[in-house]
Amino acid sequence: MLRLAAILFFTIAAAAQTPARSAIDFLAPTPPMGWNSWNKFACNVDETLIRQTADAMVSSGMRDAGYQYVVIDDCWQISRNKAGNIVADPKRFPSGIKALADYVHSKGLKFGLYSDAGTATCQGRPGSLGHEAQDAAQYSNWGVDYVKVDWCNTNGMNARAAYWKMRASLDIANRPIVLSICEWGKSQPWLWAHGVGNLWRTTSDISDRWVGVQKFSDGNCCSNGVLDILDKEADLAPYAGPGHWNDPDMLEIGNGGMTDSEYRAHFSLWAILAAPLMAGNDLRNMSAATREILTNKEVIAVDQDPAGRQGQRIRKTGDLEVWLKPLAMNSAVVILLNRSAKPQLMSLRWSEIGLQHPPATVRDLWEHKDIAPKSAFSTTVPGHAVVMLKVTP
Ligand code: GLA
């Protein structure tokens, strides 16, 4: 009987689409993990911050939990020189980018930079348009391992062609460099970006709030809460897989706009989405709760599961949702999500996840406890919270 259950379960797991492999998939076999300066520091970046962040990545246990990339977002670059080479802001990066990359590497971490496919970045710094090969060669010489390429100031440009050009330039530069496509889902990159980039943003920017789409202060549209992004990712599972990931944007955990319970939900949902996990807070000054969330190895293992399947919503009743992600070795993870502010009773029948009998083990990934499996699972989920279970038939 157990075997039958396992087979049924496996059938559901295998139903997730497995697209053909691409030559660049090896660059990110599991969703990239790291840190990016933008959400917390915006343009306020310099080499001291980056060095201290690399140090904190190690001392906080984040490196050992799987975080690898230290990525400087917009505003590190200031101009191009006469030869057209991109120039880092000499006041903020007096030692130069190569020295900084070397420092990050010396900590056992990887180093990333940001550019833009258009004439200028979103903050008006030089973009890569017309300089793709030159920039890629420069990144390679500096020891860059990851490049995020944004989509501001790209009037009339074709996203697929533009990002192909950057990908081809990186290939010629002959250093393994992860390409993070950041065109906010406008041209449905999930339909074309596999083989071009290793991850592609699916929405406009995240903001440090639970729910609500708001215009930016300059009137441009729009920033999203965690739940708004979640909804936009709900149908994109078939497009993700090892080496090519939907990117629901960087994490806001620890930035102060949400409760710890909301941040736990944010982290859990990104993990079940097999999303890149790029911390976006100040790693040098983390509360114990923030560190505990970001380094929850059981949740990280869900995100990094080698099968590389993005989870899906299998039930929605008003504010109450159930999400399921099949894992390698025949197990799966279930999230019970309560979007509302008040605690609510939630139940799960095992048949909903393809099991004919109670599973052999049920583990709560935030309580770090096994739960004795009963004929169904029932619990009160606090407001704006999740319960996250690993189920093994
Ligand atoms: C865009 C991107 C953000 C960030 C900023 C930098 O808004 O979506 O992630 O890189 O630009 O200017």
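Analyst: Let's start with a term: a polar contact is a pair of N or O atoms within 3.5 Å. Keep that cut-off in mind, and remember that we're looking at a predicted model.

User: What distance separates a ligand oxygen from the side chain of Asp205?

Analyst: For Asp205, a side-chain N or O atom sits 2.5 Å from an oxygen atom of the ligand. Asp73 also has a side-chain N or O atom by a ligand oxygen, at 2.6 Å. With Asp74, the separation between a polar side-chain atom and an oxygen of the ligand is 2.8 Å.

User: Now the helices. What describes two packed helices?

Analyst: You use the angle between their axes and the distance between those axes. Take H3 (residues 47-59) and H5 (residues 97-106): their axes are 9 Å apart, at an angle of about 10°. Angles under 35 degrees count as roughly parallel, so H3 is roughly parallel to H5.

User: Which residues make that contact between H3 and H5?

Analyst: H3 brings Glu47, Ile50, Arg51, Ala54 and Asp55, while H5 brings Ala99, Leu100, Tyr103 and Val104. Sorted by class, the H3 and H5 contact has six nonpolar and three charged residues, with no polar ones.

User: How are H8 and H9 packed?

Analyst: H8 (residues 226-233) and H9 (residues 260-272) have axes 11 Å apart and an angle of about 15°. That angle makes H8 roughly parallel to H9. The crossing of H8 and H9 is left-handed. On the H8 side you'll find Val226, Ile229 and Leu230, meeting His266, Leu269 and Trp270 from H9. The class count for H8 with H9 is five nonpolar, one polar and no charged residues.

User: And H6 with H7: at what angle do the axes cross?

Analyst: Roughly 45°, with the axes of H6 (residues 132-142) and H7 (residues 159-173) coming within 8 Å. H6 and H7 are therefore oblique to each other.

User: Is the crossing of H6 and H7 left-handed or right-handed?

Analyst: H6 and H7 make a right-handed crossing. From H6, the residues in contact are Glu132, Ala133, Ala136, Ala137, Tyr139 and Ser140, and from H7 they are Lys165, Met166, Ser169, Leu170 and Ala173.

Key. Residues are numbered from 1 along each chain as its sequence is written. This is a predicted model: local features need pLDDT of at least 70, side-chain atom pairs count only at pLDDT 80 or more; totals for chains, interfaces and linings use all residues. Side-chain values use heavy atoms; hydrogens and water are left out. Axes are lines fitted to C-alpha atoms, for helices over the stretch in contact, and angles run from 0 to 180 degrees between N-to-C directions. Helices (H or I, at least four residues) and strands (E, at least two) are DSSP runs, numbered from the N terminus. Angles under 35 degrees count as roughly parallel, over 145 as roughly antiparallel, 65 to 115 as roughly perpendicular and the rest as oblique. A crossing is left-handed if the near helix is turned anticlockwise from the far one by less than a right angle, and right-handed if clockwise. Contact means heavy atoms within 4.5 Å. A polar contact is a pair of N or O atoms within 3.5 Å; within protein, one must be able to donate a hydrogen and the other to accept it, and residues adjacent in sequence count only if both atoms are side-chain atoms. Ala, Val, Leu, Ile, Met, Phe, Trp, Tyr, Cys and Pro count as nonpolar, Asp, Glu, Lys and Arg as charged, and the others, Gly among them, as polar.
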